[in-house]
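This briefing is meant for a reader who is meeting the structure for the first time.

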Amino acid sequence: MPPVPPPPARPPARPLASHPVVGFIPWILFWVIGGPATWETATIAALIAAIGVMALSLDVPVGRGSGLPGRLSHLKLLDVATVVFFAALTVASIVTSRHDVAELDRYSQAISSGALAIIAFGSIVAGHPFTVDYAKLEAPPQAWHTALFKRINLVLSSVWAVVFGVCAVLGLLAQQSSVKGLRDWLNWYIPIAAIFLAFRFTQRYPDQARSAQGR
């Protein structure tokens, strides 16, 4: 009897590629590093990180019938959109004047949060909620076309779209306030709390939805 071949090794990048937090690393770098004197550094660092995050998906094995060649079928919408956004922002940081860079920095929170909101809302309108790309790495293929799977990802992507939209509005309001303490709340504390709650919801809602479905 011929020996049974061992199962294929799990790609080392799979745990990282399947975690939504990793997709936000370029944005976090941009928020932390960005400043009037460091705008160019922040955009370039975010672009390099975005390319690195997108490359992680190329280590994930691709199933048959994906419709895309090779490993490209597991590129995530969020990762690709992030690379495009920061590539455009890097070009803008290079060709604009120092005064314009300072203006961009003032509204960096609103611009980046607004871009994320557009990506999230756009993915829903296009019929491919961006969280689907992460969910497919954890759920079996037979679950991908079920009503429950689609509803879970529609809800999760909608929550993120609303959170990013709110953060963008708060970023705009922060620039209209002359009170520094209030600006910090609008630019940082409230958005961080909202994003944290969104992550917690993302962790808990799928199990709650599946439990309710099984009742």
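This is a predicted model: local features need pLDDT of at least 70, side-chain atom pairs count only at pLDDT 80 or more; totals for chains, interfaces and linings use all residues.

The chain has 215 residues, of which 39% count as buried, and its secondary structure comes to 10 helices and zero strands.

**Overall fold**

- Read from the N terminus on, the elements of the chain run α-α-α-α-α-α-α-α-α-α, in keeping with a secondary structure of 10 helices and zero strands.
- Helix H4 spans residues 39–57 and contains Ala45, a residue that counts as partly exposed because its relative accessibility is 22%, and the cut-off for buried is under 20%.
- Ala45 and Ile33 are 12 residues apart along the chain, and their C-alpha atoms are separated by 8.6 Å.

**Aromatic residues in the interior**

- A search of the whole structure finds 12 aromatic pairs, and in one of them the ring centres of Phe30 and Trp39 are 5.2 Å apart with the planes at 75°, so this pair is edge-to-face, the class for planes over 60 degrees apart.

**A nonpolar patch on the surface**

- Which residues form a nonpolar patch on the surface? They are Val179, Leu182, Trp185, Trp188, Tyr189, Ile190 and Ile192, and together they have about 690 Å² of accessible area.
- Trp188, one of the residues in this patch, is found in helix H10, which covers residues 180–214.

**Salt bridges**

- How many salt bridges does a search of the whole structure find? The search finds two.
- One of them joins Arg106 to Glu103, with the closest N and O atoms 3.4 Å apart, and both residues lie in helix H6 (residues 98–106), three residues apart, which is about one turn of the helix.
- Arg106 counts as partly exposed at 34% relative accessibility, and Glu103 is likewise partly exposed, with a relative accessible area of 31%.
- Another salt bridge links Arg210 with Asp207, where the closest N and O atoms are 2.8 Å apart.
- Because Arg210 and Asp207 are three residues apart in helix H10, about one helical turn separates them.
- Arg210 counts as partly exposed at 44% relative accessibility, and Asp207 also counts as partly exposed, at 45%.

**The largest pocket**

- Rolling a probe the size of a water molecule over the atoms shows where empty space is left.
- In this model the largest pocket holds about 610 Å³ of space, and its lining is made up of 25 residues, of which Ala135, Glu138, Leu156, Thr202 and Pro206 lie nearest its centre.
- Which elements give two or more residues to the lining of the largest pocket? They are helix H2 (20–23), helix H8 (132–135), helix H9 (147–176) and H10.

Notes: Residues are numbered from 1 along each chain as its sequence is written. Side-chain values use heavy atoms; hydrogens and water are left out. Rings of Phe, Tyr and Trp (its six-membered ring) pair if their centres lie within 6.5 Å; planes under 30 degrees apart count as stacked, over 60 as edge-to-face and the rest as tilted. Patches are made of residues with over 30% relative accessible area and no salt bridge: like charges are joined within 9 Å, nonpolar side chains (Val, Leu, Ile, Met, Phe, Trp, Tyr) within 5 Å. Accessible areas come from the Shrake-Rupley method with a 1.4 Å probe; for residues, only the protein chains shown count as cover. A salt bridge is a side-chain nitrogen of Lys or Arg within 4 Å of a carboxyl oxygen of Asp or Glu. Helices (H or I, at least four residues) and strands (E, at least two) are DSSP runs, numbered from the N terminus. On a 1 Å grid over the protein atoms alone, a cavity is a set of points where a 1.4 Å probe fits but cannot get out, and a pocket is an open set with protein on both sides within 12 Å along at least five of seven lines; lining residues have an atom within 4 Å of a point. Grid points are joined across faces, edges and corners, and a volume is the space filled by probe spheres set on the points. Buried means under 20% relative accessible area, exposed over 50%, partly exposed in between (1.4 Å probe, protein chains only).
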